[in-house]
Amino acid sequence: MRHTGSNPAAADLSCEVCGLMPEPTKTRLTVANVAVMLPIELLVHALVVGTHLPYLAKVLALTLTATVLVIWVAEPSAARILHGWLHAPALRHRRKLGAAPALWRARTVLQDQPGSLQKITRALARLDTNILSIHVHPVAGGVLDEFVLSAPGDLSERQLLAALDDGGGSRSQVWPTTALAMADGQTRALSLAARIAGAPDELPLAVAELLHARVLTPAEAAVENYDAGTRLKVPTAWHGPLTFARPGEPFTPAESARAHRLAELAEILAHGPAPTHPM
C-alpha cells in the first residue's frame with residue numbers, strides 16, 4: 001500500500017515492479033510509457049481501421065484493445081525494458097553513497113621500534129585510507145595503536161584487517177564508527193566528569209559510556225568469564241566494586257586510568273567534606 005500523506009517520505013515510495021528503488025519520477029515514467037505504447041497504438045489502429053466493421057464497432061474495438069494493452073502490456077513492459085533509464089537518478093545516488101568515505105575505529109599491536117608506524121601508514125595509504133586520529137598505549141610486547149580511519153565506502157572489514165597485518169600489526173581489530181569517535185578520550189572523560197559533578201550516582205553509567213562497555217551486576221561478575229583484558233574492575237569505597245565488560249575489545253591502560261579517576265571524583269563529591277565559603 002502506498003503512503004497516502006500529502007508529502008510522503010521518499011523512502012516510503014518504492015517501485016511497484018522491482019521494489020528495490022524509489023518510484024521513478026512522473027516525467028520519466030510518462031516518457032517510458034509513451035515510448036512503449038505508441039508503436040502498439042499505431043499497430044492496433046492500422047489493423048482495426050483497415051477492417052470493414054461499422055464505425056461504432058471500430059471505436060469500441062480500439063478502445064477495449066488499447067485499454068487492455070496499456071494495462072497488461074505497455075506499463076509492465078516499460079518498467080522492465082527501460083528499468084535502467086527509469087531508475088538512473090536513484091542508481092547514480094546509490095553509487096555516490098557507496099563511494100562516500102566510511103569511518104572505522106581500528107586497533108593493532110606494533111613493535112615498539114622506529115619505522116613501525118610508518119610501515120602501517122603506508123599499508124593503509126595503499127587502500128586510500130586516511131588516518132584521522134591516533135592514540136598510542138604501551139602494552140606488554142609493544143604498543144597498542146588505536147586509529148580513527150576514513151576509508152572508501154566500498155572497503156570491507158577484511159581488507160582493513162589485511163592492511164593492518166601487512167603493515168606489521170598483530171591482534172588487529174576494526175569496528176565501524178561515527179564522527180563521534182573524533183572526540184578523543186580525554187574530551188569524553190572531561191564531559192563525563194562534569195556530568196558526575198552534578199550527579200555522583202551516575203558513575204556506573206558514565207564509566208560505561210566512556211568505555212563503550214557494559215556494567216556487570218555482582219551476580220554476572222561472579223559467573224561470567226571474559227578474555228584477558230576485556231573485564232575491568234573499578235573499586236569504590238562507597239559504591240562497592242564496579243565491574244565492566246567489553247567482549248572482543250580489551251581495555252587500554254589509559255581507559256582504565258580514566259575510569260579510576262572518574263570513580264575518585266565521584267567519591268570525593270559524594271562523601272568528601274562540604275566546601276566552605278568565606279563570608
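**View 1. Helix H5 passes helix H6 in a right-handed crossing.** Right-handed here means that the near helix is turned clockwise from the far one by less than a right angle. This is a predicted model, where local features need pLDDT of at least 70, side-chain atom pairs count only at pLDDT 80 or more, and totals for chains, interfaces and linings use all residues. Residues are numbered from 1 along each chain as its sequence is written, and side-chain values use heavy atoms, leaving out hydrogens and water. H5 covers residues 116-125 and H6 residues 157-166, and they pack at about 150° with their axes 8 Å apart. Axes are lines fitted to C-alpha atoms, for helices over the stretch in contact, and angles run from 0 to 180 degrees between N-to-C directions. The pair is therefore roughly antiparallel (over 145 degrees).

**View 2. Here's where H5 and H6 touch.**

**View 3. Now for an open sheet of 3 strands, in the order S5-S7-S6.** Its pairing is antiparallel, and pairing takes at least two DSSP bridges between two strands. Helices (H or I, at least four residues) and strands (E, at least two) are DSSP runs, numbered from the N terminus. S5 (214-216) and S6 (231-234) are the edge strands, each with a single partner, so one side of each has no neighbour in the sheet.

Terms used:
Angles under 35 degrees count as roughly parallel, over 145 as roughly antiparallel, 65 to 115 as roughly perpendicular and the rest as oblique. Contact means heavy atoms within 4.5 Å.
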